[in-house]
Amino acid sequence: MIVRRLLVTIPMLFGAAVIVFFVLRLIPGDPATAILGSHSSPALVAQVRADLGLNKPIYVQFGDWISRILLHGNFGQDYITSQSISSEMASRLPVTLELCALAFAGSVIIAIPAGVVAAAHRGGWADRIIQFVSVVTIAIPDFVFGILGILLFALVLKLVPSSGFIPFSVSPWENIQSLALPAIALALGFAGVLARVTRSAMIEALQADNIVFARAVGIQPRSIVYRHALRSAAIPIVTVAGMQAGYILGSTVVIETLFVVPGIGQEVVQAMLNRDYTVMQACVLIFVTGFILMNLLTDLLYLVLNPKLRRAAT
């Protein structure tokens with residue numbers, strides 16, 4: 001099963017590369033005009049297009065691009081800065097991954113216990129409060145939480161900076177402070193979804209026959225909830241967590257732009273404004289690859305959590 005999933009991932013990545021390349025070519029605008037300005041002469045624009053290889057047939061451009069990636073791991077050069085895109089991605093990707101890791105970890109630490117408590121006290125005041133907060137965090141977009149966080153925690157209380165990024169190597173504490181608001185803004189919506197899924201899965205698990213039997217024989221309620229029911233509910237929780245991890249990666253486009261975090265999300269916005277095809281292709285392909293790999297990791301976790309799948313795989 002593992003080998004089969006890995007083999008399926010390869011054509012998925014290639015298909016994603018094809019879609020990314022050709023769909024981005026549909027965006028209005030011309031990179032040469034963006035570089036030179038709208039008042040440049042047609043001859044100069046044509047010369048820049050030739051220098052960038054944009055005058056070649058589109059299938060030739062795709063072949064050149066994909067062969068560079070597969071053979072050399074090279075995404076090409078930035079049209080605007082003439083810098084290596086691979087080096088730009090290497091400097092920006094760790095920032096985005098750190099932000100996503102903080103958001104994912106924070107949401108999981110909050111959402112799963114909240115969902116378990118809501119299910120264990122179904123119909124009580126704790127359940128109602130958790131459901132209400134979950135709905136609110138799902139309904140409000142990430143950037144709204146970001147703006148409210150800037151107004152309250154950065155401008156009024158002055159607890160954290162309103163924007164920017166400090167590397168961990170420079171100052172670990174300032175690094176956490178600079179990513180606190182972006183990570184919280186990213187985490188809240190995901191936490192609401194995961195808390196509701198955890199609650200539903202736990203309610204179903206607590207009604208199973210083995211749980212009813214465990215109550216009948218006098219096993220402690222805490223042990224029933226956390227050792228037995230939560231293990232039975234793990235599959236849907238892991239499924240949603242894996243999918244949402246990919247969504248968190250995509251949501252960095254808005255959050256990094258709002259908080260001026262120098263990650264891949266901010267880079268893709270700048271590339272779109274500059275009609276910089278090569279940078280957009282690299283950024284979107286990284287996002288798609290991350291989403292596919294997270295789904296692959298989720299499938300592999302199924303084998304760990306479900307003994308029946310492990311036996312079927314062997």
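Predicted model: local features only at pLDDT ≥ 70, side-chain atom pairs only at ≥ 80, totals over all residues.

Biologist: Good. Which helix holds Val-254?

Modeller: Val-254 is partly exposed, at 44% relative accessibility. It's one of the residues in a nonpolar surface patch, along with Phe-143, Ile-147 and others. Its own helix, spanning residues 234–259, is H11.

Biologist: On to charges. How many salt bridges does the structure hold?

Modeller: Let's go through them. Lys-56 pairs with Asp-64, Arg-92 with Glu-267, and Arg-199 with Asp-127. So with the cut-off of 4 Å between nitrogen and carboxyl oxygen, the structure's count is three.

Biologist: Is Arg-199 buried or exposed, and why does its pair tie together separate parts of the chain?

Modeller: Arg-199 bridges to Asp-127, with the closest N and O atoms 2.7 Å apart. Arg-199 sits in helix H8 and Asp-127 in helix H6, so the pair joins parts that are 72 residues apart in sequence. Asp-127 has 2% relative accessibility and counts as buried. Buried means under 20%, so at 16% Arg-199 is also buried.

Biologist: How many residues apart are Arg-92 and Glu-267?

Modeller: Their closest N and O atoms are 3.1 Å apart. Arg-92 belongs to helix H5 and Glu-267 to helix H12, so this pair links distant parts of the chain, and the separation is 175 residues.

Biologist: What about Lys-56: buried or partly exposed?

Modeller: It bridges to Asp-64 at 3.4 Å between the closest N and O atoms. Asp-64 is partly exposed, at 29%. With 40% relative accessible area, Lys-56 is likewise partly exposed.

Biologist: Backbone next. Where does Lys-158 lie, and what is its phi?

Modeller: Most residues other than glycine have a negative phi. Lys-158 is in the loop between H7 and H8, and it's exposed, with a relative accessible area of 64%. Its phi is positive, near 55°.

Biologist: Last one: in which loop is Val-260?

Modeller: Val-260 has a positive phi of about 55° although it isn't a glycine. It's partly exposed, at 42% relative accessibility. Its place is the loop between H11 and H12.

Note on methods
Residues numbered from 1 in each chain as written. Heavy atoms only, no water. Salt bridge = Lys/Arg side-chain N within 4 Å of Asp/Glu carboxyl O. Buried < 20%, exposed > 50% of the residue type's maximum accessible area, 1.4 Å probe, protein only. Helix = DSSP H or I, 4+ residues; strand = E, 2+ residues; numbered from the N terminus. Patch = residues over 30% accessible without salt bridge, like charges linked within 9 Å, V, L, I, M, F, W, Y side chains within 5 Å. Areas by Shrake-Rupley, 256 points an atom, 1.4 Å probe, with all protein chains shown as cover.
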